[in-house]
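Hi there,

Here is the structure I promised to pass on to you. Have a look at it first, and then read my notes below.

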Amino acid sequence: TDERFIAPEDVSLQKSTLRQVHQCAVEQYGEWDTRSCATFAVIVQRRLWGLCLHSGTGPNPLPPFQVRMAMEQLTSAFSVRLAKLLDAELSARGEAFNAFVTALSTQAASASDEVGKLQKFLD
């Protein structure tokens, strides 16, 4: 067997909610001669938005502590920034919707006035 090939059952998912590693990831890690990998979740508004990965070729199965801390800070800052952008987008959409409803109400009131004038004219 190829020593660079990593079988899915050889990948530790300890403390992970993932159920299995996708075959394309296993092949990619084998091609890159990856020996260590750390995955950090990007959570936005209590939902998994994506994953940030660190892959290493060193002999240690875990990335160095400083790298793990930097990745945690990066994903945390990215999550906060993304949440702010999504909130701003949602707020802008809400304001646009309110402006649309106001314009419709104004047009409906104007049309109602015109109908009232037409009824008076016909009476």
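**What I found**

Let's begin with Glu89: it is partly exposed, with a relative accessible area of 41%. Please keep in mind that this is a predicted model.

Which residue forms a salt bridge with E89? The partner is R93, and the closest N and O atoms of the pair are 3.1 Å apart. R93 counts as exposed, because its relative accessibility of 59% is over 50%. Both residues belong to helix α2, which covers residues 65–122, and they sit 4 residues apart there, so about one helical turn separates them. When the whole structure is searched, 1 salt bridge turns up.

Now move along to T75, which also lies in helix α2. Is T75 buried or exposed? It counts as buried, because its relative accessibility is 6%, and the cut-off for buried is under 20%. Leaving aside residues up to four places away in sequence, T75 touches F40, A41, V42 and C52. Its side chain also reaches the backbone oxygen of E72, at 3.1 Å.

Finally, the overall picture. The protein has 2 helices and 2 strands, and along the sequence they follow the pattern α-β-β-α. Of its 123 residues, 18% count as buried. The protein exposes about 10,200 Å², with carbon and sulfur atoms supplying 57% of that area. Among contacts with a separation of 6 or more, 42% come from residues 24 or more positions apart.

Enjoy exploring!

Best wishes

Definitions and conventions
Residues are numbered from 1 along each chain as its sequence is written. This is a predicted model: local features need pLDDT of at least 70, side-chain atom pairs count only at pLDDT 80 or more; totals for chains, interfaces and linings use all residues. Side-chain values use heavy atoms; hydrogens and water are left out. A salt bridge is a side-chain nitrogen of Lys or Arg within 4 Å of a carboxyl oxygen of Asp or Glu. Buried means under 20% relative accessible area, exposed over 50%, partly exposed in between (1.4 Å probe, protein chains only). A polar contact is a pair of N or O atoms within 3.5 Å; within protein, one must be able to donate a hydrogen and the other to accept it, and residues adjacent in sequence count only if both atoms are side-chain atoms. Contact means heavy atoms within 4.5 Å. Accessible areas come from the Shrake-Rupley method with a 1.4 Å probe; for residues, only the protein chains shown count as cover.
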